[in-house]
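Good morning, colleagues. I would ask you to look at the chain on the screen while I go through its strands, its ring pairs and its charged side chains.

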Amino acid sequence: MPHQHRLPTVRKPDEGLRVASAGSVYRYLAIGDETNGQYALFDNVLHPGDGAPLHAHSREEEACYILEGEIVFYTQTQRIPASKGTFINMPTGVARGFRNETEQDARMLIIESPAGLENMFLEDGETIADSIDTASNLEQIACPKIAAEYGIENLSQPLPDM
């Protein structure tokens with residue numbers, strides 16, 4: 001298969017489409033249309049208490065790199081505190097959830113490979129024009145309404161109480 005001739009994707013610090021979904025705002029740094037479907041990359045700010053319920057991806061690996069603060073990741077058997085500089089990869093099929101359990105905002109990069117999940121947030125969420133901090137003013141929803149259509153199983157097991 002010949003390589004397509006594409007131009008580099010460049011996002012400056014304040015650039016990138018912002019989409020509010022699942023109680024968070026995701027700033028799109030790269031999407032499948034720009035990466036030949038190989039991956040999508042998001043910048044995600046989590047306010048205190050924000051996160052994702054326990055769920056499993058059937059299509060993509062999900063990798064997270066903590067840029068600021070601390071986020072606690074959960075599997076069905078583990079509690080994994082992750083502070084600035086921590087990298088975590090969640091393989092396809094592994095149940096995972098995460099939450100900011102501190103009193104300060106946390107920020108992470110999320111890589112989804114292959115790409116495609118960014119379309120779920122676009123379909124289920126709301127595009128916003130303001131800064132990432134707008135998340136605190138938006139209605140918080142438990143999980144995307146259409147997750148199953150994108151190969152995500154939402155599990156009934158709640159994250160442990162903080």
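This is a predicted model: local features need pLDDT of at least 70, side-chain atom pairs count only at pLDDT 80 or more; totals for chains, interfaces and linings use all residues.

F73 stands opposite I80 in β7.

What does F73 face in β9? There, F73 stands opposite F98. Strand β6, residues 70-74, is joined to strand β9, residues 96-99, by three bridges, and these strands run antiparallel.

Let me place these strands in their sheet. The sheet is open and has five strands, in the order β7-β6-β9-β4-β12, with antiparallel pairing. At its edges are β7 (79-83) and β12 (152-154), each of which pairs on one side only. From one strand to the next, the twist averages 30°.

I turn now to the aromatic rings. A pair of aromatic rings is described by the distance of the centres and the angle of the planes. How many aromatic pairs does a search of the whole structure find? The search finds five. One of them is formed by Y26 and F42, with an edge-to-face arrangement: the centres are 5.8 Å apart and the planes make an angle of 70°. Y26 belongs to strand β2 (residues 24-30) and F42 to strand β3, so the pair ties together parts that are 16 residues apart in sequence. Y26 is buried, with a relative accessible area of 5%, and F42 is buried at 0%.

F73 and F98 also form an aromatic pair, in this case tilted, with 5.7 Å from centre to centre and 45° between the planes. This pair links distant parts of the chain, since F73 is in strand β6 and F98 in strand β9, 25 residues apart. Are these two residues buried or exposed? F73 counts as buried because its relative accessibility is 1%, and F98 is buried with a relative accessible area of 5%. Elsewhere, ring pairs link Y26, Y28, F42 and F121 into a cluster.

The last topic is charge. Side chains of opposite charge can pair when their charged atoms come close. Across the whole structure, a search finds eight salt bridges.

Consider R107 and D43, which form a salt bridge whose closest N and O atoms are 3.0 Å apart. R107 lies in strand β10 (residues 106-113) and D43 in strand β3 (residues 40-46), so that the pair links distant parts of the chain, 64 residues apart. R107 is partly exposed, at 23% relative accessibility, whereas D43 is buried, at 1%. Which residues are linked with these two in a network of salt bridges? The network comprises R27, D43, E68 and R107.

Two further salt bridges deserve mention. E101 pairs with R99, and their closest N and O atoms are 2.9 Å apart. E101 is partly exposed, with a relative accessible area of 21%, while R99 counts as buried at 12%; the cut-off for buried is under 20%. The side chains of R18 and D14 also meet in a salt bridge, at 3.7 Å from N to O. Here R18 is buried at 8% relative accessibility, whereas D14 is exposed, with a relative accessible area of 66%.

Thank you for your attention.

How values were computed:
Residues are numbered from 1 along each chain as its sequence is written. Side-chain values use heavy atoms; hydrogens and water are left out. A salt bridge is a side-chain nitrogen of Lys or Arg within 4 Å of a carboxyl oxygen of Asp or Glu. Buried means under 20% relative accessible area, exposed over 50%, partly exposed in between (1.4 Å probe, protein chains only). Helices (H or I, at least four residues) and strands (E, at least two) are DSSP runs, numbered from the N terminus. Two strands pair if DSSP finds at least two bridges between them. Axes are lines fitted to C-alpha atoms, for helices over the stretch in contact, and angles run from 0 to 180 degrees between N-to-C directions. Rings of Phe, Tyr and Trp (its six-membered ring) pair if their centres lie within 6.5 Å; planes under 30 degrees apart count as stacked, over 60 as edge-to-face and the rest as tilted.
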